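Hello,

Here is the structure we talked about.

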Amino acid sequence: MNLRRSQFLLVLLVLQLFVSSASAEGPTTPLISPAPAGNQIAAGGRPFLVQLPSGWEVSELNAPRPNSGREMAGGRVRALKKDGDGMAVIEITYLSRNDAGQADIDSEFSSFVSTVKSEYENKGLKASATDTKKATLGALPSSEVEITVVGQNKELRQWFSMALGKKYVYALSYTGEKQYYERFQPDFIKCRNSLAME
């Protein structure tokens, strides 16, 4: 497998987790207990430390599978906040790197965002994205974007960031309908700022 194909597979894999977190699909049976106030998540061999918001339902999930169905080394931690009929979702994903350190987030991120927008548009929704911003995620260089999705009298907001560590690729997403996204954004910002990785 050449480098370009491995980068493309990385983007497709992250796209899968991005779109699934938008609807909070997938298994949500908690495998770890909800985090009490002040508790940091770093058990189970995860290569990161994070302070999840108190009062959110926390689940540990398997790594997303690519279309090939093969298992990938890594995992996900999802925090879900329900409020009436609405919800907000924070998801942290880590996947083992197998690209010999050659992948470049900057060159892949714009095609990733275009693919995500196309996925929403293929479902009959209108999607727009902010300009990609270079930032840091847990002290690692990252790319981030916010996507707005409109359809069926609803507006969904999704913030997403991706960073490459030495051994893992990390993705952090925050998703919710506009009113819930805005309401719980302070919790998310605290969570994002607490993230520490390899």
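**Strand pairing and salt bridges**

Strand S2 (residues 48-51) and strand S11 (residues 196-197) run antiparallel and are joined by two bridges. Keep in mind that this is a predicted model. In S11, Met 197 stands opposite Phe 48. Phe 48 belongs to the covered face of S2, along with Val 50. Leu 49 and Gln 51 make up the uncovered face. In a regular strand, side chains alternate between the two faces of the sheet.

Now the salt bridges. The count comes to seven.

One of them pairs Glu 144 with Lys 133, with the closest N and O atoms 3.9 Å apart. Glu 144 sits in strand S8 (residues 140-151) and Lys 133 in strand S7 (residues 133-137), so the pair ties together parts that are 11 residues apart in sequence. Glu 144 counts as buried, at 12% relative accessibility. Lys 133 is partly exposed, at 48%.

Lys 154 forms a salt bridge with Glu 177, and here the closest N and O atoms are 3.9 Å apart. This pair links distant parts of the chain: Lys 154 is in strand S9 (residues 154-164) and Glu 177 in strand S10 (residues 168-177), 23 residues apart. Lys 154 is partly exposed, with a relative accessible area of 48%. Glu 177 is partly exposed, with 28%.

Arg 157 forms a salt bridge with Glu 155, the closest N and O atoms lying 2.8 Å apart. Arg 157 is buried, at 17% relative accessible area. Glu 155 is partly exposed, at 24%.

Last, a network of salt bridges links Arg 76, Arg 78 and Glu 91.

Best wishes

Methods. Residues are numbered from 1 along each chain as its sequence is written. This is a predicted model: local features need pLDDT of at least 70, side-chain atom pairs count only at pLDDT 80 or more; totals for chains, interfaces and linings use all residues. Side-chain values use heavy atoms; hydrogens and water are left out. Buried means under 20% relative accessible area, exposed over 50%, partly exposed in between (1.4 Å probe, protein chains only). Helices (H or I, at least four residues) and strands (E, at least two) are DSSP runs, numbered from the N terminus. Two strands pair if DSSP finds at least two bridges between them. A salt bridge is a side-chain nitrogen of Lys or Arg within 4 Å of a carboxyl oxygen of Asp or Glu.
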